[in-house]
Amino acid sequence: MAKQSGASSQGLSPPADRVFVGRTEELALIAGLARRAADGEPAMVLIRGEPGIGKTALLHTCIGRLRGFRVLNATADRHETDYPGAVLTQLLSALDADAVRSHPHLSPDAGRTTPFAAGVQLLSLMGELQAHGPVAISVDDLQWIDDFSLRVLLFMWRRLRVDNVISVLTARHETQNSNLADVVSFVRASPGAEEIEVTGLRCAETAELARAVLGEDLPHADVSRLQEQTGGHAMFARTLLTEMPLESLRSGDRLAVPPSLSSAIYQLLAALPPDARGLIDALAVLDAATPLPRVAQLAELPSAEAVARALDAAVQTGLAEWWPLEPTTPVALRHSLQREAVYGLMPAQRRHALHSRAADIVHGAAAWGHRVAAAAGPDAVLADELERLATEESALGKHAMAGTHLLWASELSGTRGVRERRFLSAALESIAANQVVRVLRRKSDIEACESHFNRDLILLALHIFTGEHEHAGRISKQLFAELKNATERSDIAIQAGYLLPWGLLVSGAAREAIEAAHLILDNPGTDPLTASSAWPLVSGAVATLEGPAEALRSLASMPGPDPKASAEHPDALGTRGVWRVIEGDLTSGLADLRLAMKSAREGAPVTGCRRMWGYAAWGHFLLGDWDESLLLAETAVDEALAGGYAFDYPFEQLIRIFVPAARGDVDLAGRLLGEMAEAGGEAGALLHATGKALLAQATSDYPAMYAALCPWHDESPDHIDIVMTERWWRPLLAEAEVGTGRFDMAEETLERLAPTSYVPYLRMQVAQLRGRLLEGRGRRSAALAAYQEALGAPPSENDSAPFRGLTHLHAGRLLLEDGHRRPAADHLRSAHGTLTRLRAAPGVRLCESLLARCGVRSTAGTGIGADQLTEREREIARYVGLGTTNREIAENLYISPKTVEFHLGRVYTKLGLDGRKELRRNLQAGHLEL
């Protein structure tokens with residue numbers, strides 16, 4: 001995150017003379033949401049509308065009317081979209097420095113961090129602030145928010161549960177910022193959020209505005225004409241009321257309304273004295289709240305008296321705002337629409353002259369912008385300076401800024417070759433800053449460039465991001481050939497980074513991916529982060545060629561980063577954890593993943609093993625820790641959203657479906673499946689089919705399960721996505737084939753799983769499926785033997801409790817059907833105990849039905865009152881039993897401390913306990929089972 005140099009409008013309150021009228025319904029709605037937030041229901045309001053319609057005035061008014069709230073303000077600036085953390089820094093600027101310093105990933109001086117790590121700490125900070133009262137977050141002009149701040153805020157918003165927080169945001173409609181779509185989707189999917197569409201003022205409100213501006217009533221006929229001809233546009237109407245002489249408004253004659261806001265502003269400017277016009281021109285060029293002495297210097301005002309007269313006239317027009325009580329007495333134009341109109345009315349020669357002088361008056365990044373704006377055409381010297389600046393910024397990890405400065409350098413370059421080289425370098429810097437969507441908008445311009453390694457590398461990144469693996473494969477193979485044939489590979493290998501082996505891997509070219517990765521890794525110029533990202537790709541390629549077991553073995557021989565050294569580069573440790581979980585070494589794998597996730601939470605970058613959270617969730621699902629699995633699955637989605645990695649969305653969305661489907665919560669599982677469907681893309685097809693099969697499994701709808709997965713019956717594990725997910729969907733396919741009587745096909749599917757029978761969870765799962773297949777073929781004795789053989793092996797630390805419970809269920813059912821009630825009851829009791837603990841409703845209902853036929857009444861066996869607790873309450877109570885503090889619990893579960901307090905209060909009430917000590921004592925004594 002970077003702190004801005006120079007003055008800005010952050011933290012500035014609206015002047016006292018700002019007029020606000022109407023919007024009573026909108027204000028009432030926001031006030032109601034604020035009351036809910038004060039009572040512990042987090043709320044959000046997104047105010048949208050065209051520029052100048054009154055969004056900001058509504059925002060300032062509703063925030064100003066809040067009582068007892070701690071307000072955090074920010075205004076996004078189109079000039080700061082490339083500064084990671086610009087809006088976040090504004091929001092935190094009013095807080096005590098020590099409070100922010102204790103959360104280092106929120107500090108603008110923190111250096112390299114991640115939205116995920118910053119989001120975790122922002123959540124913690126929100127909890128601390130709420131200890132002193134409710135919190136209001138105000139962000140104006142959200143369409144210009146920097147990507148880092150948005151990802152951090154989205155992470156926090158998704159994790160607020162019972163917090164006293166209201167967020168009020170404004171955004172324009174017409175915007176190319178695709179990040180805004182994430183906020184709109186979140187608002188529309190959140191029960192505590194509202195979207196307000198701000199339209200023009202009504203006639204009565206226009207009359208109220210006229211009274212406020214003029215100091216007296218305007219004739220009704222003129223109000224009607226004013227409202228009709230401005231469409232109720234608040235800024236346009238106010239400009240006209242300011243510009244027109246009061247006598248003409250009183251006359252009753254038809255109003256001579258200019259055809260546009262720009263025309264009205266032109267008339268205002270024409271009536272101003274030269275010094276005031278010069279001051280306004282200077283403000284339009286500076287385009288930011290700037291200390292008055294600097295504005296006067298740029299406008300070349302001759303004396304303090306001239307400055308005072310010009311400022312007074314500019315403020316009287318309603319175009320300028322002044323903050324005399326601020327230390328630097330900043331001044332600015334009121335609205336970007338006014339700035340655009342003033343700037344557009346200036347002759348080009350005057351604009352260039354003002355920008356040229358401004359470059360010597362302002363400092364830092366703003367000065368570069370003025371130098372570029374002052375250029376009348378190609379400028380080789382300035383372009384070279386900008387390229388050198390971008391090189392320095394890139395080395396410091398400031399890729400977004402480097403991308404902007406290279407883009408400027410490109411526009412100032414005279415020859416096509418140099419212009420395209422700098423343009424492509426700018427795109428690569430934007431990709432490094434995770435601004436892939438920004439690059440996507442320039443895809444046609446990239447394709448129009450002459451064929452070049454960087455051009456194709458950028459297109460490869462775009463195809464990977466959008467899940468177009470076929471296109472990615474074609475380009476990556478072409479680039480790989482160029483890399484192999486290059487006489488000097490050093491620079492070209494550095495440029496390729498991990499994108500080239502990644503493109504080869506996702507397109508199915510595993511051998512080439514390994515070779516390409518080694519060409520890059522063997523290059524002494526490859527940076528540690530790229531190397532850390534490339535090794536997981538190598539292991540993925542090995543898994544595609546030789547299987548997950550070999551990938552796990554190969555990690556030990558790779559000369560890459562030590563998996564134990566996870567603090568700086570957790571990719572290696574996370575990769576080992578993923579393969580261990582897939583191979584059934586659940587305990588060791590989850591231990592690896594916990595350490596890797598902890599490093600990521602502390603700010604370590606994760607690029608090559610982004611799916612670690614998903615596989616941690618799956619590992620806990622296999623062990624029967626379903627509450628933990630649910631929490632990690634939510635975190636997997638949050639992390640993917642925080643990182644902006646759209647290609648991982650289908651994978652992370654699928655992980656969330658496992659537990660709800662297994663518990664028979666078809667409504668929740670169906671909703672999650674619907675969200676997953678929206679992710680789409682080629683890579684999501686199999687994952688979406690798996691989600692459909694899980695949903696159908698919840699209701700034993702075997703035909704629907706088969707319809708979802710049958711296209712993959714003959715699929716071979718020759719692609720990384722197949723290898724990493726085969727142990728999810730192939731057992732589901734076998735179950736569907738057995739359930740629909742396709743026994744020969746089921747036999748083939750189980751044979752494909754046979755080589756992995758050494759994996760504990762698969763051994764139990766396959767034994768259960770084989771037993772059901774044998775039942776279907778009428779070989780009941782052989783089926784019972786299959787069940788009993790699997791259950792005969794003693795449980796290990798890597799045993800899958802859910803699959804063991806289901807195997808007991810089917811063994812008991814078969815025995816009961818064959819008239820063996822006593823041994824059937826033993827199996828069914830074991831199944832019932834396990835499935836009740838998991839709250840797997842479909843299995844529990846079947847167990848209870850079968851036990852009733854055995855003449856046995858089932859018992860819950862979950863401890864007194866424990867069955868009343870929700871998943872989140874159980875998880876928090878377990879942490880209390882371990883002696884964990886509320887803040888530590890919040891950090892581990894990625895929720896706010898306020899949410900922890902709320903759930904603990906409900907735990908105490910439901911269990912009839914006096915507090916934390918009694919809860920911990922009961923847990924440690926074994927009186928309460930969770």
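This is a predicted model: local features need pLDDT of at least 70, side-chain atom pairs count only at pLDDT 80 or more; totals for chains, interfaces and linings use all residues.
## Contacts and the model

Contact here means heavy atoms within 4.5 Å.

Leaving aside neighbours within four places in sequence, S430 is in contact with H399, G403, Q435, V436, R438 and V439. The relative accessible area of S430 is 4%, and because buried means under 20%, S430 counts as buried.

The buried residues of α2 are K55, T56, A57, L58, L59, T61, C62 and I63. Their cover includes the helix α1 (24-38) together with the strands β1 (43-49), β2 (70-75), β3 (135-140) and β4 (165-172).

Helix α49 runs over residues 897-911. With 15 residues at 1.5 Å a residue, α49 should span 21 Å, and the 21 Å between its end C-alpha atoms agrees with that expectation. Within α49, the residues P897, T899, V900, H903, L904, V907, Y908 and L911 are buried. An α-helix has 3.6 residues a turn, so residues three or four places apart point the same way. The buried residues of α49 are covered by elements that include α5 (115-130), α6 (147-159), α47 (871-881), α48 (886-893) and α50 (916-925). Just after α49 comes G912, which takes a positive phi of about 65 degrees.

## The pair α17 and α18

Helix α17 (residues 348-361) packs with helix α18 (residues 365-374) at an angle of about 150 degrees, and their axes are 8 Å apart. Angles over 145 degrees count as roughly antiparallel, which is why α17 is described as roughly antiparallel to α18. The crossing of these two helices is left-handed.

On the α17 side, the residues of the contact are H352, H355, S356, A358 and A359, and they meet A367, H370, R371, A373 and A374 in α18. By class, the residues of this contact of α17 with α18 divide into five nonpolar, four polar and one charged.

## The pair α27 and α29

The axes of helix α27 (residues 499-506) and helix α29 (residues 528-546) come within 10 Å of each other and cross at roughly 20 degrees. Angles under 35 degrees count as roughly parallel, so α27 is roughly parallel to α29. The crossing of α27 and α29 is left-handed.

From α27, the residues P501, W502 and L505 meet L537, G540, A541 and T544 of α29. The contact of α27 with α29 has five nonpolar and two polar residues, and no charged ones.

## Two buried residues within helices

T635 is located in helix α34, which comprises residues 626-643. At 1% relative accessibility, T635 counts as buried. Not counting residues up to four places away in sequence, T635 touches F116, R159, W613 and Y894.

L809 belongs to helix α44, residues 801-817, and is buried with a relative accessible area of 3%. Again not counting residues up to four places away in sequence, L809 touches L828, A831, L835, G843, L846, C847 and L850. The C-alpha atom of L809 is separated by 9.7 Å from that of A825, a residue 16 places apart from L809 along the chain.

R23 is a residue other than glycine with a positive phi, near 60 degrees. R23 is found in the segment before α1. The relative accessible area of R23 is 5%, and R23 is therefore buried.

T329, likewise a residue other than glycine, has a positive phi near 40 degrees. T329 lies in the loop between the strands β7 (320-322) and β8 (330-333). At 21% relative accessibility, T329 counts as partly exposed, because the buried class is limited to values under 20% and the exposed class to values over 50%.

Key:
Residues are numbered from 1 along each chain as its sequence is written. Side-chain values use heavy atoms; hydrogens and water are left out. Axes are lines fitted to C-alpha atoms, for helices over the stretch in contact, and angles run from 0 to 180 degrees between N-to-C directions. Helices (H or I, at least four residues) and strands (E, at least two) are DSSP runs, numbered from the N terminus. Angles under 35 degrees count as roughly parallel, over 145 as roughly antiparallel, 65 to 115 as roughly perpendicular and the rest as oblique. A crossing is left-handed if the near helix is turned anticlockwise from the far one by less than a right angle, and right-handed if clockwise. Ala, Val, Leu, Ile, Met, Phe, Trp, Tyr, Cys and Pro count as nonpolar, Asp, Glu, Lys and Arg as charged, and the others, Gly among them, as polar. Buried means under 20% relative accessible area, exposed over 50%, partly exposed in between (1.4 Å probe, protein chains only). The expected span of a helix is 1.5 Å times one less than its number of residues.
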